[in-house]
Amino acid sequence: MSSTDETIANLLREERRFAPPEDLAANANLSADAYEHAAKDREAFWAEQAERLSWDTKWDQVLDWSNPPFAKWYVGGKLNAAYNCVDRHVEAGKGDKVAIHWVGEPVDDTRDITYAELKDEVSKAANALTDLGVAAGDRVAIYMPMIPEAVVAMLACARIGAPHTVVFGGFSADALASRLDDCQAKVVVTADGGYRRGAASALKPAVDEALTKTDVVEKVLVVRRTGQDVAWNDDVDVWWHDVVDGASAEHTPEAFDSEHPLYVMYTSGTTGKPKGILHTTGGYLTGSAYTHHAVFDLKPDTDVYWCTADIGWVTGHSYIVYGPLANGVTQVLYEGTPDSPERGRWWKIVQDYKVTIFYTAPTAIRSFMKQGSEVPDRFDMSSLRILGSVGEPINPEAYVWYRHVVGGDRTPVVDTWWQTETGSILISPLPGVTHGKPGSAMTPIPGITADVVDDEGRSVPNGSGGYLVVTSPWPSMLRTIWGDDQRYVDTYWSRFKAQGYYFAGDGAKKDEDGDIWVLGRVDDVMNVSGHRLSTTEIESALVSHPKVAESAVVGATDPDTGQAVVAYVILREEAGDGGPEIVKELSDHVRTQIGPIAKPRQIMIVPELPKTRSGKIMRRLLRDVAEKREVGDTTTLADSTIMDLISAGQATST
Ligand code: 6R9
């Protein structure tokens with residue numbers, strides 16, 4: 001058996017299966033025949049999905065793929081995204097329904113905003129932006145904490161046809177400046193600060209600094225959130241409460257072309273400057289609304305939905321703003337960190353608001369696992385009916401813990417695979433149909449065709465691994481990289497040019513049933529003595545050890561084997577320091593779980609791992625430590641002090 005076969009065999013030892021609850025299956029939005037229905041005539045299927053939206057002018061053609069890879073969806077159609085997310089619900093008599101239960105980080109700092117109120121706020125902000133000189137086509141940057149005004153600002157931009165670019169509030173002034181520059185943003189919407197871990201944390205100084213590095217910005221619109229002191233430039237800075245609060249709540253939304261740019265979202269690759277991923281209006285809104293309905297089995301009249309992502313991440317765009325609001329559901333929006341002021345904060349929110357659908361990232365789940373089940377067990381979470389996961393492969397142990405401890409063994413877990421580029425979920429179980437397998441994102445959802453292929457672009461047989469590709473265009477696909485069509489073609493469409501497949505950059509495997517297991521970025525694959533090993537598999541093996549909460553594995557250059565496995569491990573709290581034999585114990589565990597080839601050369605016990613704010617481990621930095629280099633650029637880390645801790649050798653190692 002080759003090592004790859006062995007690791008697949010290891011994966012297949014995961015035999016737990018979870019059938020959908022009967023009542024959920026009986027009342028599910030999508031049933032098993034949806035796959036066949038969609039496959040029969042994909043364009044007709046996507047036309048049906050677009051009918052979820054209100055169009056001012058209907059399209060003449062569903063898809064124009066005459067100039068691949070540049071797609072046009074719903075050609076000739078016209079619509080307004082903000083009208084679809086807000087006004088039409090008010091017109092349908094749902095104005096009094098709560099759109100957003102906003103929960104600030106300071107306890108008892110809450111606001112409930114109805115759809116009618118949201119419509120007024122968005123209209124006022126649209127009028128204010130217009131008065132500041134923003135016209136359709138101008139770009140507006142949004143650099144804000146998780147407050148309702150962030151959502152209002154995004155929708156106000158959409159309403160006037162000004163593509164927004166939301167820059168995550170944790171990013172530095174440099175990162176902000178380069179994004180402002182790249183998309184030539186005319187206005188920045190920000191706040192004095194936001195609350196994180198019980199303290200006011202400033203945002204405006206980073207905008208002030210960014211403006212010294214680029215001169216594209218004309219106006220800065222500032223929400224007063226914390227009341228902290230801010231530097232003020234009368235020529236540029238404008239208070240939100242001065243210009244938005246007094247603006248008219250009457251605003252007629254203009255219908256824009258289906259292909260009108262909706263937003264640019266920057267995403268970093270392993271090399272080169274961040275890519276500005278462009279999404280347009282009709283296809284993107286169709287994709288986010290349909291998937292939110294299908295994957296979460298959304299019942300807008302009874303569900304209370306909560307996605308914990310930051311709006312500075314694509315998940316916040318598709319599954320806080322556009323999908324949920326287009327579908328008219330009530331949702332929770334939380335400003336702060338999961339454990340402030342106490343560890344049960346998230347679960348208390350679930351209990352208080354009777355959340356029914358909960359969507360978060362594996363990194364959060366693993367950090368709760370580390371603390372044990374005592375904290376969540378104190379809360380009544382019986383309202384939950386569906387749990388979602390996104391951002392990384394979810395290790396089987398974390399999946400089972402999530403389902404058991406958070407979901408009381410009732411709730412299907414939907415492991416949703418997608419990317420900034422895909423705009424919406426492409427691979428996921430359907431909660432009322434799929435028998436879920438911990439660790440597998442399962443199959444492309446109805447309407448999507450994806451596959452795992454080898455180097456030559458041939459579909460691999462079941463039981464084998466390769467590259468994840470999307471084999472036909474889909475409505476919410478990125479249209480290009482802002483200002484760089486060539487990079488768009490090179491990055492996503494040149495690897496499998498002959499087949500015309502979209503190359504996602506992820507490695508994946510098909511198991512014996514043909515279900516897909518996403519194994520992480522292909523750049524994270526290691527080559528040890530000629531054997532390809534995936535970081536995810538070794539990490540999952542480590543996390544399946546009872547003393548381990550979380551781990552990150554990298555391949556470090558090795559004189560003997562080409563690359564060698566180096567593992568960083570966070571222990572569970574109840575494991576203490578793990579005992580004197582911990583490194584050997586873990587090393588033996590990987591050996592028995594996967595095989596001798598995967599045995600780490602070095603295991604370091606660390607207090608934390610370097611992560612981006614969306615929870616992705618920055619393995620590049622750990623590779624620097626493992627190869628004893630100076631640690632590279634840490635500007636996108638959520639907490640930049642972590643690398644000092646790790647490099648200072650607070651770690652014990654073999
Ligand atoms: C939505 C989002 C995209 C990359 C993607 C993949 C990883 C996301 C995943 C997953 C395994 C899942 N990823 N979801 N890997 N299983 N369910 O995360 O977008 O920030 O652009 O990241 O995240 O590697 O290629 P983005």
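In the predicted model, Trp 418 has a relative accessibility of 9% and therefore counts as buried, the cut-off for that class being under 20%. This tryptophan is placed in the loop between strand S20 and strand S21, the latter formed by residues 450-453. Leaving aside residues up to four places away in sequence, Trp 418 touches Val 314, Thr 315, Ser 318, Tyr 319, Tyr 359 and Val 390, and also Gly 423, Ser 424, Ile 425 and Leu 426. With one of these residues, Tyr 359, the side chain of Trp 418 makes a polar contact of 3.2 Å.

Asp 415 is found in strand S20, which covers residues 413-415. At a relative accessibility of 5%, Asp 415 likewise counts as buried. The residues that Asp 415 touches, again without those up to four places away in sequence, are Ser 389, Ile 394, Ile 427, Ser 428, Pro 429, Gly 439, Ser 440 and Ala 441.

Contact between them involves 19 residues of domain 1 and 23 residues of domain 2. The size of an interface is often expressed as the accessible area lost when the parts come together; for domain 1 and domain 2 the area buried between them is about 1900 Å², of which 51% lies on carbon and sulfur atoms.

Polar and charged pairs also cross this interface. Between domain 1 and domain 2 there are 6 residue pairs in polar contact, counted where both residues have a pLDDT of 80 or more, and 3 salt bridges are found across the interface. A salt bridge joins the side chains of Arg 366 and Glu 550, with a distance of 3.4 Å from N to O. On the side of domain 1 that touches domain 2, helix H14 (362-371) and helix H16 (396-406) each supply at least two residues, and H14 gives the most to that side, with 5 residues.

Note on methods:
Residues are numbered from 1 along each chain as its sequence is written. This is a predicted model: local features need pLDDT of at least 70, side-chain atom pairs count only at pLDDT 80 or more; totals for chains, interfaces and linings use all residues. Side-chain values use heavy atoms; hydrogens and water are left out. Helices (H or I, at least four residues) and strands (E, at least two) are DSSP runs, numbered from the N terminus. Buried means under 20% relative accessible area, exposed over 50%, partly exposed in between (1.4 Å probe, protein chains only). Contact means heavy atoms within 4.5 Å. A polar contact is a pair of N or O atoms within 3.5 Å; within protein, one must be able to donate a hydrogen and the other to accept it, and residues adjacent in sequence count only if both atoms are side-chain atoms. Buried area is the accessible area (1.4 Å probe) that two parts lose on being put together, summed over both. A salt bridge is a side-chain nitrogen of Lys or Arg within 4 Å of a carboxyl oxygen of Asp or Glu.
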